[in-house]
Amino acid sequence: MFFTKMLIPTLREAPSDADIISTKLMIRAGMIRKLASGLYEFLPLGLKVLRKVENIIREEMNAAGGQEITLPLIFPKDLWIETGRWNVYGKELFRLKDRKEAEFCLAPTAEEAVTDLVRKEVKSYKQLPLMLYQFGTKFRDEIRPRFGIMRSREFLMKDAYSFHTDEADLEKYYKVMVDAYTNVCKRCGFEFRAVEAASGAIGGSFSHEFMILADTGEEEIVWCGCGYGANSEKAEWLPLLQTKEEPLILEEVLTPNVGAVEDVAKFLNASPEKFIKSIVYKVDGNPVVVLVRGDHEINEIKLQSLLGATEVVLADEQTVIAVTGAPLGFAGPVGLKGVKIIADLSVVEISNAVAGANKKDYHLKNVNYKKDYNADLIADVRKVAHGDICPRCKKENLRFSRGIEVGHVFKLGTKYSKSMNATYLDTNGKENLIVMGCYGIGVTRILAATIEQSHDDNGIVWPDNIAPFNVVIIPINYSDVKTKETTDKLYKDLTSKGIDVLIDDRDERAGIKFKDADLIGIPYRVTIGEKNLANGNVELKTRNGSKDSSRLLKPEDAMLEIVKIFS
RNA sequence: CGGGAAGUAGCGUAAUUGGCUAUCGCGCCUGCUUUGGGAGCAGGAGGUUGUGGGUUCAAGUCCCACCUUCCCGACCA
């Protein structure tokens, strides 16, 4: 491909409203443009990368036994009523009407559509298992689109759905898909972790997220050298047994106008680890008191799944007063009645703890579990914290990283087959619910995430497999006869070997071509100029700055070298 | 949805207490000179200053409404 034949409008400066580095670089490199908030246009160069990622995913999906289909982007309302998601999905769902006033939505995901297809076409165990996947534009009316194509309102997703006779078969296939996703991440050149995750609104019993490690990631993950990894929303931890002290006599202390843990700790000259933090929540409308150690944070997602609740919110001040009989800041577990108390695992371990006295300006010292208070439920309801021990190997401390979620695999079970009555006949002619899994990869998000992870001051550094071109040839002066001959021959030779080559044939100065090549991030660059050509050499340079990043070679040797890299 | 900031050429920007033909750089077009890390000279095109209304002798600048964009928060996977 010739540079002058392709629309690659590079910019020296990024638009002032571009928020993160990946957006800035993709716009500057002429890959995308913004049309409106959360809506982006893909230019030829950007689309080229997108297609490369898409093809890697397609190959892995086919290898996992998947069959590609396409589903409509517009879905009729009734399917969504069947599963209840027409109401559950809320304002994020783009809704529209046709000329007859019939209601539709734009696809945010496709469980309904694919389950409908399968319930109509699959009748027998002989047709199972089955995996169908598609690449389709997804629409979500995000409250606040941001981070360029990382969280946009329209994006390209690969969504796959598997159908099984039973849980055991799903279990087996789930592992196949985890492997397939791992392959995709490896082939795309990411540094990534597959972590356990909360399943959220899509539902199901179990899920893993594939996280690209990047400091700018929206998600926090914890992991351990032993192989354990989890989204911090979901992460477990190993409770440490604390040395028990001899219980002392409960004692009321005056703590005027100090309510917050840190303030009381300072006031009483005690460590926050000795505190019981008591927080009142409203769980589906009912007040619940949750106890965690003073230096810990409550994990509302764990709380929600523990209680099987649909809504968990902090209680308002009136409720707190009604439950504890004291203003905010003085709640404690001792003497509470008529309200459910949930204690975190590490709370009941504290000897002679400090807690609110449920009385204005008073706290209690020497509070002990069983002796002074009880809990209805003792469970893990707090966020993981630095210093926690890995729950699997029980040896090392958990490590924390930031990540960008590019893939998510779910065991759905019968959530959708049940509500939509998708069944098959087994060997006994008996009707059973189809067991499902679903698996998504954000294709557009992969591009942004890759750049977040892999860039430098000069621009994007694409991994070899997804770069828009494998090689860029820069003739310093394309109108020089010898230069042109060498350039054209090398281009022909490389192209005939299946290498994707861009020739920068623009009538620009060398500096501009170098800057643009770096900005676009093409992994290998061959520079052909009269000086080196006088000695029969061209320069081969790698974008990633690894050792031997720049070498002088005969054109034939440069070609062999490149062919070797991409074979 | 609440709070904040901002809209001037493709991109980045300037314009004093309201005051002359709306500034400069990059990019774009023409010509010349250049050609190994964003060259130089000369000439040129490109604007309803987001939209609508108002105040004023006079509005990019002040006021009102709307639109758009960004940030923080809430919300949501």
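Colleague: Which residue is the bridge partner of Val471 in β29?

Modeller: Tyr524 is the bridge partner of Val471 in β29. We're looking at a predicted model, in which local features need pLDDT of at least 70 and side-chain atom pairs count only at pLDDT 80 or more, while totals for chains, interfaces and linings use all residues. Residues are numbered from 1 along each chain as its sequence is written, and chains are lettered from A and ligands numbered from 1 in the order in which they are written.

Colleague: How many bridges join β27 to β29?

Modeller: Two strands pair if DSSP finds at least two bridges between them. Here 5 bridges join β27 (residues 471–475) to β29 (residues 524–528), and the two run parallel. Helices (H or I, at least four residues) and strands (E, at least two) are DSSP runs, numbered from the N terminus.

Colleague: And what is the strand order in the open sheet of 5 strands?

Modeller: The order is β28-β27-β29-β30-β31, with mixed pairing. The edges are β28 (501–503) and β31 (550–553); each has a single partner strand, so one side of each has no neighbour in the sheet. From one strand to the next, the twist averages 20°. For such angles, axes are lines fitted to C-alpha atoms (for helices over the stretch in contact), and angles run from 0 to 180 degrees between N-to-C directions.

Colleague: Which helix packs on the sheet and touches β27?

Modeller: That's α12 (residues 481–496), which also touches β28, β29 and β30 (538–542). The direction of α12 makes about 170° with that of β27. Contact here is between residues whose C-beta atoms, placed from the backbone, lie within 7 Å.

Colleague: How should I read a helix that has buried residues, say α15: which residues of α15 are buried?

Modeller: The general idea first: an α-helix has 3.6 residues a turn, so residues three or four places apart point the same way. A residue is buried with 20 or more other C-beta atoms within 10 Å of its own, exposed with 12 or fewer, and partly exposed in between, with C-beta atoms placed from the backbone. In α15, Pro555, Ala558, Met559 and Ile562 are buried. They cover an arc of only 100° around the axis, which puts them on the same side of α15. That arc is taken over the directions from the helix axis to the C-beta atoms. What covers these buried residues includes β27, α12, β29, β30 and β31.

Colleague: What span does α15 reach from its first C-alpha to its last?

Modeller: α15 (residues 555–566) has 12 residues and reaches 17 Å, close to the 16 Å expected at 1.5 Å a residue. The expected span is 1.5 Å times one less than the number of residues.

Colleague: Now hairpins. How many residues lie between β18 and β19?

Modeller: There are 5 residues between them, and Asn358 in the turn has a positive phi of about 55°. β18 (residues 353–356) and β19 pair in the antiparallel sense over 3 bridges, with Ala353 opposite Val367 in β19. β19 (residues 362–367) also pairs with β13 (residues 251–254), antiparallel over 4 bridges; there, Val253 has His363 as its bridge partner.

Colleague: Which residues does a cis peptide bond join?

Modeller: Leu128 and Pro129, with omega about -5°. Pro129 lies in the loop between α5 (111–121) and β7 (130–139).

Key:
Two residues are in contact if their C-beta atoms, placed from the backbone, lie within 7 Å.
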